[in-house]
Amino acid sequence: KNRDDSNCDLSGVTECHSTVTEKMCNLTAEELRHGDASYTPSSGFALRKFTQPEISEDEVLIRVYATTLSTRDCLERIRRDNTESLSNDAWVPGHEIIGRVVEAGSNTEQMLHRRVAALLSHGGGCSRYVRVHSKDLIDLPENHFSASSQDMVHLLSTYMPAYQCLERSLPDSDESFCGATDLMCFDSDDEDFAPKGPLSGSSVLINGAGSPVGLALVELSKKAGAKVYALSHSSHEQHIHELGVKEWYPLFRKQEWKTEWSGRMDVIVDTVGDYDNYQNFYEVMASGGKFVRMNTTSCNNKFVPMGKSTEDYFSVWEVKGSSVHRMAIDYDIFDCYRKEKKAFKNDLIYLYSLFRSGRILPRVFSSSSLDKLDEEWQKVMQGGATGLVVVS
């Protein structure tokens with residue numbers, strides 16, 4: 001059964017201190033047996049029974065309608081698979097959720113019944129219910145956000161990090177925003193009268209362009225009037241060309257793209273985080289260019305090459321790679337979410353307006369239920385998904 005709002009019976013929600021069980025009258029016995037989908041390196045996926053969470057006075061309980069399987073989850077799974085101390089540690093994937101508050105603590109009663117979004121820095125979204133501190137919520141009033149939960153979680157997981165990386169690449173950006181920078185160029189048959197966006201005419205290189213966030217970066221950059229250059233795995237070539245990108249190379253053909261694109265790039269957005277490419281990025285960057293580094297799609301800097309700290313890694317490098325590292329503008333969606341909440345919501349409103357007008361389109365690889373999660377994740381881990389897997 002789809003977990004969207006239309007299927008949520010709120011008639012059982014009365015007082016904020018009512019028991020969770022009273023608010024779950026719309027769940028079947030089968031659904032209660034599937035409280036969440038957890039992953040353990042030693043034994044793989046398992047569906048666990050529902051257990052009643054206890055919330056504090058400043059927390060809320062959210063009925064989850066949609067979450068995602070994204071690059072963040074794949075990287076966390078790889079980290080756990082390669083960390084012996086975590087071999088028997090159960091972990092629930094899903095870093096972004098859309099849902100509705102069904103129980104509120106004594107200090108958060110105003111949030112009861114509201115539709116909300118939240119980012120979970122350590123995962124946990126592949127659950128029926130999630131406990132979240134009220135300060136980590138973004139209110140999604142229905143009069144502003146009428147899209148399905150599946151579409152909203154797609155905007156949150158892919159277009160939001162793509163858009164905010166491009167915001168940080170703008171000329172004279174101080175990395176402090178009130179949000180909702182209009183990047184788009186208006187459509188017009190006469191280019192002389194088409195208003196120009198802040199990236200219009202710029203050359204933008206996207207590394208990792210075949211991932212869901214990478215494809216969103218391609219789409220937003222092109223609609224902003226930029227000329228897009230793309231690097232990706234060879235298997236993603238067709239999807240990138242279908243978005244109208246002509247300048248594409250597989251990442252491993254470094255000498256070719258470094259030579260052909262030398263000195264052209266006004267903006268480079270790196271979604272991969274492979275520091276070994278930094279000296280090549282130095283060669284293709286134009287004078288005064290911007291380099292935006294997405295922290296391995298916002299995994300809270302957990303993944304550092306060869307087990308070294310960033311400083312140790314670059315201390316042994318020659319000047320070109322070190323120069324790119326020093327000039328990098330770091331982007332982490334969790335930092336923006338926590339520190340710039342108003343800007344974050346404004347950006348989400350802006351992206352939703354683009355979605356409603358048809359100027360951006362969700363790119364969903366598949367939709368899955370909790371009991372089918374293992375099968376879909378295998379496709380993602382093997383590189384078979386260029387769109388997002390939405391779990392509902």
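# A walk through the predicted chain

The charged end of K341 sits over the ring of Y337, 4.9 Å from the ring centre. A charge counts as sitting over a ring if NZ of Lys or CZ of Arg is within 6 Å of the ring centre and within 35 degrees of the ring normal. This is a predicted model, in which local features need pLDDT of at least 70, side-chain atom pairs count only at pLDDT 80 or more, and totals for chains, interfaces and linings use all residues. Residues are numbered from 1 along each chain as its sequence is written, and side-chain values use heavy atoms, with hydrogens and water left out.

Start with the whole chain. The secondary structure comprises twelve helices and 15 strands. Helices (H or I, at least four residues) and strands (E, at least two) are DSSP runs, numbered from the N terminus. The chain has 392 residues, and 56% of them count as buried. Buried means under 20% relative accessible area, exposed over 50%, and partly exposed in between (1.4 Å probe, protein chains only). The chain exposes about 17000 Å², of which carbon and sulfur atoms supply 47%. These areas come from the Shrake-Rupley method with a 1.4 Å probe; for residues, only the protein chains shown count as cover. Take the contacts (heavy atoms within 4.5 Å) between residues at least 6 apart in sequence: 71% join residues at least 24 apart.

Next, the strands. Strand β3 covers residues 59-69, and eleven of its eleven residues are buried. β3 pairs with strand β6 (residues 129-133) in the antiparallel sense, over five bridges. Two strands pair if DSSP finds at least two bridges between them. In this pairing R63 stands opposite Y129 of β6. β3 also pairs with β4, again antiparallel, over seven bridges. Here V64 stands opposite G99 of β4.

The loop between β4 (96-104) and β5 (115-119) holds H113. Phi of H113 is near 80°, a positive value in a residue other than glycine. H113 is partly exposed, with a relative accessible area of 33%.

Now move to an open sheet of six strands. Its order is β10-β9-β8-β11-β12-β13, with parallel pairing. The edge strands are β10 (247-250) and β13 (329-331), and each pairs on one side only. Neighbouring strands of this sheet are turned by 20° against each other on average, direction ignored. Strand β11 (residues 265-270) and β12 pair in the parallel sense over five bridges. D270 stands opposite R293 in β12.

Which strands does helix α4 lie across? Helix α4 (residues 212-223) lies across β8, β9 (227-232), β11 and β12, and runs at about 170° to β8. Helix α9 (residues 319-327) also packs on the sheet, where it touches β12 and β13. The direction of α9 makes about 65° with that of β12. For these angles, axes are lines fitted to C-alpha atoms, for helices over the stretch in contact, and angles run from 0 to 180 degrees between N-to-C directions.

G197 lies in the loop between α3 (149-168) and β8 (203-207). G197 counts as buried, at 11% relative accessibility. The C-alpha atoms of G197 and A226 are separated by 8.9 Å, although the two residues are 29 apart along the chain.

Finally, the aromatic residues. The count comes to twelve aromatic pairs. Rings of Phe, Tyr and Trp (its six-membered ring) pair if their centres lie within 6.5 Å; planes under 30 degrees apart count as stacked, over 60 as edge-to-face and the rest as tilted. Why is the pair of Y275 and Y278 edge-to-face? The ring centres of Y275 and Y278 are 5.3 Å apart and the planes stand at 70°, so the pair is edge-to-face. Y275 is buried at a relative accessible area of 9%, and Y278 is buried at 0%. The rings of Y278 and F291 have their centres 5.1 Å apart and their planes at 75°, so this pair is edge-to-face as well. Y278 lies in helix α7 (residues 278-284) and F291 in strand β12 (residues 285-294), so the pair ties together parts that are 13 residues apart in sequence. F291 is buried, with a relative accessible area of 0%. One aromatic cluster takes in Y229, Y249, W257, W261, Y275, Y278, F281 and F291.
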